[in-house]
Amino acid sequence: MVDETLNQVINFLKDTYDIDKNYKAYGNRCKTDKIIKFQNNVFISHWELGAIVCIDEILYFIFENDGDWLVRKDYSLGSFNIYWLESFIKALNLLNDYMKKK
């Protein structure tokens, strides 16, 4: 069920933030300071290299690379350059604050 939901999230992200069709949305996705309520228990927070997806209070990490969105097969965060840390922390804090109020 989680794999199916993550695939639905990826399809949503591809459709919404398609670099060729909607460059403005693609470029501004992580500047919205808003959580996207995707489904009843699915929430999305953007950071500069992807999205943090909360499904039933479990976090999953989706990465974006030149318009392609993918989830790591082992569902781990993996690694990224420290340059992206501020954006990642901002997305985590935004999601954390949202979930506390929910």
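Analyst: The questions below go through the helix, the sheet and the cores in turn. This is a predicted model, in which local features need pLDDT of at least 70 and side-chain atom pairs count only at pLDDT 80 or more, while totals for chains, interfaces and linings use all residues. Residues are numbered from 1 along each chain as its sequence is written, and side-chain values use heavy atoms, with hydrogens and water left out.

User: How do you know that the span of helix 1 agrees with its number of residues?

Analyst: Helices (H or I, at least four residues) and strands (E, at least two) are DSSP runs, numbered from the N terminus. The expected span of a helix is 1.5 Å times one less than its number of residues. Helix 1 covers residues 2-16, so its 15 residues should span 21 Å, and because its end C-alpha atoms are 21 Å apart, the two values agree.

User: Which residues of helix 1 are called buried, and what puts them on the same side?

Analyst: Buried means under 20% relative accessible area, exposed over 50%, and partly exposed in between, with a 1.4 Å probe and protein chains only. By that rule Thr5, Leu6, Val9, Ile10 and Leu13 are buried in helix 1. They cover an arc of only 140° around the axis, taken from the directions from the helix axis to the C-beta atoms, which means that they lie on the same side of helix 1. The face turned away from that buried side carries the exposed residues Glu4 and Asp15. Among the elements covering the buried residues are strand 2 (42-47) and strand 3 (50-55), where contact means heavy atoms within 4.5 Å.

User: What makes the strands an open sheet, and in which order do they stand?

Analyst: Two strands pair if DSSP finds at least two bridges between them. Strand 2 and strand 3, which run antiparallel, are joined by 6 bridges, strand 3 and strand 4 also pair in the antiparallel sense over 6 bridges, and strand 1 and strand 2 do so over 3 bridges, so each of these pairings meets the requirement of at least two. The 5 strands form an open sheet in the order 1-2-3-4-5, with antiparallel pairing. Strand 1 and strand 5 stand at the edges with a single partner strand each, so one side of each is left without a neighbour in the sheet.

User: What makes a set of residues a nonpolar core, and which members touch the most others in the largest one?

Analyst: A nonpolar core is a set of buried Ala, Val, Leu, Ile, Met, Phe, Trp, Tyr and Cys residues joined through side-chain atoms within 4.5 Å. Of the 14 residues in the largest one, Leu6, Val9, Leu13, Val53, Ile55, Ile62 and Trp69 touch the most other members. Helix 1 gives the most to this core, with 4 residues. Apart from it lies another core, of 10 residues, among them Ile35, Trp47, Ile52 and Cys54. In soluble globular proteins, nonpolar side chains tend to be buried together.
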